[in-house]
Structures are given as structure tokens and as C-alpha cells.
Amino acid sequence: MGSKRVLVTGLSSYWGGRLAEALEASEEIETIIGVDSQDPTRELERTEFVRVGTQHSLLRRIVEAAEIDTVVDTRLIVDSVVASAGRTHENNVIGTMNILAACGGPDSSVRRLVFKSSAHYYGSSQDDPAFFTEDMERPHPPRTPLEKDIVEAEAAVVDFAEKNPEVSVSMLRFANVLGPDVLTSHRALFELPAVPIILGFDPRYQFVHEDDVVAALAHVLHADLPGVFNVAADGVLALTEVIDLLGKRFAPVLPPWGTGLAAAALRRLGVELSPEMLEQLRFGRGLDNRRLKATGFVYRCTTREAVIALGEHMRLAPIMRGAAEPYRYEREVEEFLRRSPHVRTHPRRRERANGDATVLAPAALAEEPDTSPAGAAAPVAGYDDLEAEEIAPLLDSLEPEGLTALRGHERSRRARPEVLRAIDKALARGGGG
Amino acid sequence: MPPRTRTDALTPDGPAAGSGGASVALEDLRRHLPGLEPERRLTDWGRSERVERLVDRTVADFLYHLWFRCEVEGIENVPSAGGALLVSNHAGALPPDAPMIAKALREEHPRARSLNVAVEPVFKAYPGLSMLLPKVGCVAAHPANLQRLLHDEEALVLTFPEGRKGPRKLYKDRYRLRRFGHGEFVASALRADVPIVPVCVVGAEEAAPIFARLDLLKRLTGSLRLPVVPNFPHLGPLAVAGYLPAKFRIRFLEPVQVDAAPGDRGAVQTATEEVRARVQETLFEMVGARDSVWLG
């Protein structure tokens, strides 16, 4: 049974938007409806946006009216830095229960539920196995509010699956995400001049590239795979290895005892270290990703490649700043584009025809995993639209490794000879001005 | 402590209902083990060939050849391919037996197989140790870790079933084995379907005299628990200075293949006792045959 009519909750979150974008590219999907309490943050072509929170009576009416057969819940907050404990609980636990209530019941049209969860479900402690499989539970009960909420939300989903055997439920537990686009607190940590680590600890870290997150959600949705799946890229790196790949330094400024106090002091300086992150900085975490791979999913990036991709982006970021205009949702414009008889080609469709869009086609992804190495990922949306004359003056402000990264990107994309020549010249000058 | 399994509605009929995945997934997951990228310096377990080689060439080499003058028998009992669980007696405050067994395998075994040492997970809470032990091939003794190493990666794993009780025993009790836990190691070997190779080490008991001090320290602080791990790479030359030059003899016994279900407690307990008895007997025989503690 393929999914045809999809409801994406949390459309305005990064993942909701990215997923809707990916689903739009798939012809089989008839309808995509996105709900959120805030305006969407990505430009979408045919996704219908309804501004509604997680009130289950309202959601229920939407589900019934649109005969939704698949619900994808992407709104889980997995970083305790982004919201207060109260709001997180409201969103993660109460919100999940409301959405489940809106999908369940004997007369519901919903047949598929995809729930985006997090590897924080497993926590991070000294008694952990080196690789968590989906069947394992955390060795100790959760301690931080966020972890408690995630465990509780998952329990609600499991409960829902038991009570509604006709609905096939998939739950995806994602490792820490890295990528050029998505902002996470780990990325904020890596962007510091020196990365603070706990003295005497070199934890194991596993990441997953942002594109793989979207691809995994789409894969599970298309292939109809009930069950729990870990989503984490191949390869578990030591933190010092990660920092090395990013070309950064580490600073063992956090003491092994009284780490919380030191973290509080760092927080004063503007470095946000969540309790979950402190645990990970001490004990690390590894996931067994083989169950999802056995279903035919192919990861685009290994952990190492995801880290390298981020490193390249971080080097390019200083000159790319402001190149892309942020998208702003305007209801009237979106209404016009969707409903007016005068619209012939949606701007996004034209973009895609030009081959510049970074839309992800999940089916194509699974078939040709190795066509685009990590280095070729667009460093920043909008770079490819810059003219050669506009790029040249920017080169002088770049470090040599940034230039090399830029050169690789340019070669794999437009390969304009004048730009390549300019980069080579800048490199010959030793980079930087 | 076996991993508790979830009894939820999602997992049992999970992927089976979808694409016929579950049964395939269960037997064939080994196919999906990630390979190691050539540029990587550490394995997914955090093991570093560089650090290992450094320790091997310096401290381990010195201890093995000059200090303990290790003699090895029965190396042919360690299979050249496939996983195997090595089970050894354990002694000394900073037990030198694990690194010597690892070194023996590298030196004497025709395939120079590398060894993973299962150690108490508590090491992960100690700064420094938590960083260094994985780099030289130690893993936390978790059933899931053993399963992955033995079955999926077909590696050699050394475990000390006496656990913390081994190095804690008094000098007067030397070479008298403690209880072999609850037989978790037999269950692990059964689950992974690998042979158990008992290993006897003579010499370690006399080599680590810090033992007495550890007891005093324990009484003074009341809480200090020294990790049951070979931590000479951590202390470097200091640890060498702490060892007395006892003569080491390492004997690998014939592999034991147990035929039972991992859940069969009775059979597991019987096999555990059998392995323990063989190690104990051989130990007594080896100690009885030696003329001198220092010269062998």
C-alpha cells in the first residue's frame, strides 16, 4: 500500500519543510497537507499549509475531510536548548498524544504513521553497549526532562500501535544530525574557535547527514516499513577525530568532576551545553544502523563524510553570508500561486527544471548512492547563482583550504573556467589577502 | 546483565509485516556491517592502531621478552579464523595478564591475531582511562558488545569471568580461582556460536605486589575501586616499575564447544563449572611443575 494523502505535522520545523519538499517531488503522493502553529520556513509548491497547533479536534477534522492515509510527525523537540522544559513537554508529550488521538479510532482513514524520534531515547551512560540496537532499552531510567519526554512520547506511540493494529507505525530514532543547512547545538559547539571537551574523555560520536534524515523519512514512508529503526550514518568517530576533520582545535576546559558547574560558567559566556550534550561529551553513543540498511536504504554519507561536508561549509560560510535571501511566507502570494488560473508555472517548478533545486528524490537516491560525494553538496544555497564577476572579489578573503573546497564545489557544478582560473590564481597567491 | 528486550507492539511483528524484512534482517545483518574507511585512524570501537603499535613496541615488548620472559604453550588451540572467546584467570592489582596474552597472540600465533579485552564498564567513568583503554583494544563487557565482536565481526575476545573478585583476592589465595560469575561468558559464546578457549596464566600473581597496598588504600578511603583492567599503557613506565619480574607461562587449552541453548541455565552452569575446573586443574599442574617463581 503506497501512501497517497499525507499529513505532515510540524511543517514549519526544518524537518517538516524538508520532508514536504521531498514528497512534492514524488509523483505518487497525491496530496500533502502541512500543519503547524507557525508560518512555513521553506518555499513549497503544492503543499497545503493549515495553521493549527496540536488541538486534536481540529486535526481530526482535517484528517477526516482530506481522507489522510499517512501521518508523518516531525515535530519532536530533540534539543533542550531550543525550548524551555515546559514547552518541550507540551510539544513532545501532549502534542504527540493529541496527534495520536486525531489519527486513531475505528473510523479513521489513517493507515500509516511515521514518527520522528531521537537517539536520546537511549541516553548516554557508562553501562551502554557500544552499539544500541532497536530492541534495547536504556540501561538507566531517563534523568533529564528532555529524555523523559522522548521516552514518554515513544511509549504513547507504542501504545497507539497496540490499540490500532490496522495502522502500520514506524518510528525512526535519529543520531545527532550534521549538515550545512541545519543548525544544531553540536554544530554551534563545533563553530567555536576551540571546541570544549571534558578532560580525560574522548567519546564516540555518530552523526547523520541532514539529507539522509529526509531520505530516511521518505524511504520509510514509501516502502511502508513498520517497526523501529535507528538512523545513523556508518562509522563511529572519536570526538577528537571529528574536531580534527573540521580543522578545529579542542580545549579540555571542562573538568571531569563538577562538569555541570563549569558548563554553567560557559553558559554565561554564551556557550550552550545541554545536559544531554554533557552526557554525550562524557560517554558518547553508537547506534547499530543495520536494520534500516537491510530494508534497502542506502546512506549517502558516512559519519566522516558528513563531518567533512560540514567542515567545508564552515570554511565557506564567511563569504557566503547573505547570498541567499531567506524565504518569507506570505499567505496571499501562496494562495495566488496555488489557486489562480493565471499561474502557469510555479516558481519552484521552474527552479527544479533548471536543475538548481536541491530537492531530494528519495527513489533516485536509493538507486544511485555514490554519484555525488560529500564534497559536491551545495555549500550554500545561492552560490551557484552568483556570476563569475561577483565571485572573484570574494576570493581574496578566503583561506587556502576554503579555496580548495570552493574549487571542488565549482568543478562538480558549473565548472566555469573563469571562476576556476580565479580560484587557482588566489591559491597561487597563497590565499587570503 | 543481558539487554532487556522491548515487548512492544512495534518490534516483534515489526519489519516482518512490511517487506518480509525481519527474518532476513535477523540472519543477514552481518552483511550490513559498515566497513572502515581507509582514511580513518580509529575503528568504530575507538581502537587506534597507532597507539596500539606504540605500546606494543615499547612497554609490551619489554615486559613480554625481558621482564616476564613469557613462555607460551598451545597457541594452536586459538582458531586462525572466526570468533573465539578466550577465558582466563585473573590476578594482580594492575593485572599484567591481559596485555601479555594479547602480546602472545601477536607474537606466536601464525595469523598474529589481535585481541579485544572485555573489561568492566566502570572504566568509562574514569578520566584518562576512558580515553586510553578503547584505543588499545578494550571494550566494555556488555553482552551486546561480545555478540557483535564474536559473531558479527568474528574477532577474538578475552574475558576474565572472575571479574573484580580475581584481582581482589589475597596473595595467600593465589591460583585459587574465584567463582566464574553466573556463566555469562558461556551464554555469550553460545549466543555467538563460537568456541571457548580456556587460558591459564602463571606468574601474574607474583608480578603485582601493589596488591597489598591496594587493600590498604581501600581501607583508608573506603570507596576507592581500582578498575580491573590492564592499565599499564595509562601509567606508562611507572606500571613496569611496579611489577616484579616473575616468570610468565601462558597455556592455551583445547577449545570447549558447548552444545546447549543460551537460555538453558542448567547447561550453562554446567559448562561454566567445567571450564573453571579445567583452568583450575591446569593452573595447579603448571604451578606444581615450576621450580622457581622468578626463573620458571
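**Figure 1. The parallel sheet of chain A in the predicted model.** In chain A, 7 strands form an open sheet with parallel pairing, in the order β3-β2-β1-β4-β5-β6-β11. Strands are DSSP runs of E of at least two residues, helices are runs of H or I of at least four, and both are numbered from the N terminus; two strands count as paired if DSSP finds at least two bridges between them. The edges are taken by β3 (48-51) and β11 (227-231) of chain A, and each has a single partner strand, so one side of each is left without a neighbour in the sheet. From one strand to the next the twist averages 20°, with angles running from 0 to 180 degrees between N-to-C directions and axes fitted as lines to C-alpha atoms, for helices over the stretch in contact. This is a predicted model, in which local features need pLDDT of at least 70 and side-chain atom pairs count only at pLDDT 80 or more, while totals for chains, interfaces and linings use all residues. Residues are numbered from 1 along each chain as its sequence is written, and chains are lettered from A and ligands numbered from 1 in the order in which they are written.

Figure 2. Strand β2 (residues 31-36) of chain A runs parallel to β3(A), and 4 bridges join the two. Within this pair, V35(A) stands opposite V50(A) in β3(A). Helix α1 (residues 14-24) of chain A packs on the sheet, where it touches β1 (5-9), β2, β4 (70-73) and β5 (112-118) of chain A; contact requires that the C-beta atoms of two residues, placed from the backbone, lie within 7 Å. The direction of α1(A) makes about 170° with that of β2(A). Helix α2(A) also packs on the sheet, touching β1, β2 and β3 of chain A, and its direction makes about 175° with that of β2(A).

**Figure 3. The crossing of helices α2 and α3 of chain A.** Helix α2 (residues 56-66) and helix α3 (residues 85-103) of chain A pack at an angle of about 40°, and their axes are 8 Å apart. Their crossing is right-handed, meaning that the near helix is turned clockwise from the far one by less than a right angle. On α2(A), the contact involves H56(A), L59(A), R60(A) and V63(A), which meet N98(A), I99(A), A101(A), A102(A) and C103(A) in α3(A). By class, the contact of α2(A) with α3(A) comprises 6 nonpolar, 2 polar and 1 charged residues (nonpolar: Ala, Val, Leu, Ile, Met, Phe, Trp, Tyr, Cys and Pro; charged: Asp, Glu, Lys and Arg; polar: the others, Gly among them).

**Figure 4. The two domains of chain A.** Domain 1 (5-317) and domain 2 (386-433) are given by the domain assignment of chain A, with bounds from an automatic or database assignment. Their C-alpha centres lie 35 Å apart. In chain A, 4 residues of domain 1 are in contact with 5 residues of domain 2. The side of domain 1 that touches domain 2 in chain A has 1 nonpolar, 1 polar and 2 charged residues.

**Figure 5. The mixed sheet of chain B.** An open sheet of 7 strands in chain B has mixed pairing and the order β1-β7-β6-β2-β5-β3-β4. At its edges stand β1 (71-73) and β4 (138-140) of chain B, each with a single partner strand, so one side of each is left without a neighbour in the sheet. Neighbouring strands of this sheet are turned by 25° against each other on average, direction ignored. Strands β6 (residues 196-202) and β7 (residues 249-252) of chain B pair in the antiparallel sense over 4 bridges, and V199(B) stands opposite F252(B) in β7(B). Helix α13 (residues 265-289) of chain B packs on the sheet, touching β2 (84-88), β6 and β7 of chain B.
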